[in-house]
Amino acid sequence: MSLPRPIADSTPSLLARGYGWLPDRMRRAAGPLVRARLLGRRAVALRGPDAVRFVYDERNVRRHGALPEPVRSTLFGHGAVHTLDGEAHRVRKAMFLSLLTSREGIGDLVGHATGAWDAAAARWAGQGRVVLFDSAAEVLTEAVCRWSGVPLPASGTGPLSRDLVAMVDGFATVGPRHWRARAARRRRERWLARLVEEVRDGSAAVPEGSVVDVVARHRDADGEPLDSRTAAVEILNVLRPTVAVCWFVAFAAHALHRWPEHRDRLVEEARREDRETGGAYAEAFVHEVRRFYPFAPFIGGLAVRDLSWRGRPIPAGALVLLDIHGQNHDAGLWDEPYSFVPERFLDRPVERDELIPQGGGDPAAGHRCPGEDVTIALLRALSVRLARLAYEVPEQDLRIPLRRVPTRPRSGFAVTDVRPHGG
C-alpha cells in the first residue's frame, strides 16, 4: 500500500503550535483521519473512542520503534516498558500493575503525600511567597521516595524534585529545557542503578515489597533479571509520573482561583462525609481537571501492517497518532467542552475510551498508564487540601500557553499569606 508523500514535514509546525497543531488539522480534515509527516516519517492521526480501541489493539499498532530518541532519552528511558510489545510488555507491565493498582498500596502513597503536604503547608505559613507547582513537586517527591523504598537524598528533596520535573518538562522541545532533561535522566539513572546493585549484593536494605525491592527482583519474559540500568529506568517510571502530578495540582489551583465556587463544595463534601480525601464531587473535580487542562497532546505507535481506518488506507510502518487533547475537548463527546464543569462526571460514568488524559485502552493488557488510579487518588486528596488552604493570589502571569508542551501556568501559581486549613 502506498500513499502520496506529504509536501512538507509538519515537525516545525507542531513545535510552533503545540497542543493546537493536531486539533486544528483534525478540524480542517476532509475525512476521518489526518495525514502528515513527523520527523521524516509518514503519519496519520485519529480521534474518538473507536480510534482509541483501534490504536491500542496490538494487532494494529505497536510501540516498539515508535518513540523517537529524544523522548526515550528524557521522558521514558531506554528499554522502558513503554517501548515493549507482546509478551515482553505484558510481563513487565504486570510488575507495574502489582505496584500501582492495589488499593492498599495507593492508600499508603496517598497517606505519605497528605502527611508531606500538611507538614509543608505549616512551613508555607512562614514564607512570603510559595510557588505551588514547585512546592507540590517537592511534596510528591518526598512521598513517593518514602513509599517506594528510595532513600531520600542527603541534600533534601529539592534537587531530585527538580530533576524529575525536568524529565517531563523537556521531552517535547528543543534547546535548554531538553538538555536539562537529558542531564537529569543520566544523573538519576546512575544513582538508582547503584542503589539496585547495592540491594542485590546486600549492602543496602529496602522494605520488602517496595518498588525498589520488586524491580530489583523482577524477571522479564526471558526469565532474566533486569540489568541495573534498566531497573533504574523502571524505578524512575514510578517516581517521575508520581511527581508529574504537580502539573495537575497547579491546574487544580488555577481552576479554584477562576471558579471559586468549587472550593466551597470540595470543603463542604469533605466535612460532611468526614473524608480527608474527598468523595464523589472531589473525584468529579479531578476528572474535569484532567479533561479540561492540557497535559499530553497525543500518543503514537507504528502500524504493524497495511491497515484501513473507515475506508482510508494506513500503510505498514506509518506513525499512527491518537489525538488526546482534541478528544478531551471534542464537542461530539462533551457538552460545552471548553467550560469547566465537574458536575458532568456526576451525571455520567467515566467511560474508559472517552476520557483519555493518560492514554486509553485497558491498563492491564495495553499501554494505558498503570499509574492513572494513583494520579486520581493523589489529586483528589490534594485538591481537598488545596481547597481548605487559605492564601492570597498576588498579581502574576497565570496564562497557560498552548504552544508550550507540557504546559502549565506561566508563574507556576504563586500564593502568599498561607494559612493552613483556612486558619
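**View 1. Strands β4 and β10 pair in the antiparallel sense over three bridges.** In this predicted model, local features need pLDDT of at least 70 and side-chain atom pairs count only at pLDDT 80 or more, while totals for chains, interfaces and linings use all residues. Residues are numbered from 1 along each chain as its sequence is written, and side-chain values use heavy atoms, with hydrogens and water left out. Strand β10 covers residues 414-419; strands (E, at least two residues) and helices (H or I, at least four) are DSSP runs numbered from the N terminus. Two strands are paired if DSSP finds at least two bridges between them. Opposite V415 in β10 stands V130.

**View 2. An open sheet of three strands has the order β4-β10-β9.** Its pairing is antiparallel. The edge strands, β4 (129-131) and β9 (390-392), each pair on one side only. On average, neighbouring strands of this sheet are turned by 50° against each other, direction ignored (axes are lines fitted to C-alpha atoms, for helices over the stretch in contact, and angles run from 0 to 180 degrees between N-to-C directions).

**View 3. The rings of F248 and F295 form a tilted pair.** The structure holds 15 aromatic pairs. For this one, the ring centres are 4.9 Å apart and the planes stand at 45°, so the pair is tilted (rings of Phe, Tyr and Trp, the last by its six-membered ring, pair if their centres lie within 6.5 Å; planes under 30 degrees apart count as stacked, over 60 as edge-to-face and the rest as tilted). The pair links distant parts of the chain, 47 residues apart: F248 belongs to helix α12 (residues 245-258), and F295 to the loop between α14 (280-292) and β5 (299-303). F248 is buried, at a relative accessible area of 2%, and F295 is buried at 19% (buried means under 20% relative accessible area, exposed over 50%, partly exposed in between, with a 1.4 Å probe and protein chains only). Ring pairs join F248 and F295 into a cluster with other residues, including F133, W247, F251 and W259.

**View 4. Arginines lie over the faces of W191 and W334.** R188 is at 5.3 Å from the ring centre of W191, and R291 is at 5.7 Å from that of W334. A charge sits over a ring if NZ of Lys or CZ of Arg is within 6 Å of the ring centre and within 35 degrees of the ring normal.

**View 5. C145 is in no disulfide.** A search of the whole structure finds zero disulfides (pairs of cysteine sulfur atoms within 2.5 Å). The cysteine sulfur nearest to that of C145 belongs to C246, 14 Å away. C145 is buried at 1% relative accessibility, and C246 is buried at 0%.
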